[in-house]
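Student: I am new to this structure. Please take me through one part of it closely, with a focus on charged side chains and their surroundings.

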Amino acid sequence: QVQLVESGGGLVQAGGSLRLSCTASGNIFSMLVMAWYRRAPGKQRELVATIRRDSNTDYADSVKGRFTISRDNAKNAVYLQMNSLKPEDTGVYYCYAKILDNYWGQGTQVTVSS
């Protein structure tokens, strides 16, 4: 099986930055798509950013221009650089990987104070 582990969450002030990391381990053949989702309290999970193996990316409108997703295929890792953070960015951020099946990490908490 595949395991995804996130790290890098924390508490920052509005306007600050965080860099989230996700590493995949296990029976990895090919990671076709990796992504970051988030869930704010009382809200549905939402897709934040995706990146394909060819490094094509897409972002939610709410984070465009502020967040950057990247991947290191050799390290089986995906990153989310978050700049100009806003309180509404607060939530649990989950790493996702589409290999032959769908895999989720446990999530890392991001809290942005006003």
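Tutor: Start with the terms for the fold. Helices (H or I, at least four residues) and strands (E, at least two) are DSSP runs, numbered from the N terminus. By that count, the protein chain has zero helices and eleven strands. From the N terminus on, its elements read β-β-β-β-β-β-β-β-β-β-β. The radius of gyration is 13 Å, close to the 13 Å that the globule rule gives for 114 residues, so the chain is as compact as a globular protein of that length. That radius is taken over C-alpha atoms, and the rule is 2.2 Å times the number of residues to the power 0.38.

A word on the basis of all this. This is a predicted model, where local features need pLDDT of at least 70 and side-chain atom pairs count only at pLDDT 80 or more, while totals for chains, interfaces and linings use all residues. Residues are numbered from 1 along each chain as its sequence is written, and side-chain values use heavy atoms, with hydrogens and water left out.

The C-alpha trace spans about 40 × 25 × 25 Å along its principal axes. Buried residues make up 43% of the 114 residues. Buried means under 20% relative accessible area, exposed over 50%, and partly exposed in between (1.4 Å probe, protein chains only). Contact means heavy atoms within 4.5 Å. Among contacts between residues at least 6 apart in sequence, 53% join residues at least 24 apart.

Now the charges. The protein chain carries 13 positive and 9 negative side chains. Lys and Arg count as positive, Asp and Glu as negative; His and the chain ends are not counted. The centres of the two sets lie 1 Å apart. For that, each charge is placed at NZ of Lys, CZ of Arg, CG of Asp or CD of Glu. Side chains of opposite charge can pair when their charged atoms come close. A salt bridge here is a side-chain nitrogen of Lys or Arg within 4 Å of a carboxyl oxygen of Asp or Glu. The whole structure has six salt bridges.

Our close-up is D89. Find D89 in the loop between strand 8 and strand 9. Its relative accessibility is 1%, so D89 counts as buried. Not counting residues up to four places away in sequence, D89 touches R38, V63, R66, F67, S84, V110 and V112.

Two of these neighbours pair with D89. Take R38 first. D89 and R38 form a salt bridge, with the closest N and O atoms 2.9 Å apart. This pair links distant parts of the chain: R38 sits in strand 4 (residues 33–39), and the two residues are 51 residues apart. R38 is buried, as is D89.

Now R66. In its salt bridge with D89, the closest N and O atoms are 2.7 Å apart. This pair, too, links distant parts of the chain, with R66 in the loop between strand 6 (57–59) and strand 7 (67–72), 23 residues from D89. R66 is buried, and so is D89.

D72 and K75 form a salt bridge, with the closest N and O atoms 4.0 Å apart. D72 has 23% relative accessibility, so it counts as partly exposed. K75 reaches 57% and therefore counts as exposed. As for D89, shared partners join R38, E46, R66 and D89 into one salt-bridge network.

Look again at S84, one of the residues D89 touches. S84 is in the loop between strand 8 and strand 9. At 41% relative accessibility, S84 is partly exposed. Its backbone deserves a glance. Most residues other than glycine have a negative phi. S84 is not a glycine, yet its phi is positive, about 50°. N76 also has a positive phi of about 50° without being a glycine. N76 sits in the loop between strand 7 and strand 8. With a relative accessible area of 23%, N76 is partly exposed.

D89 is buried, and it forms salt bridges with R38 and R66.
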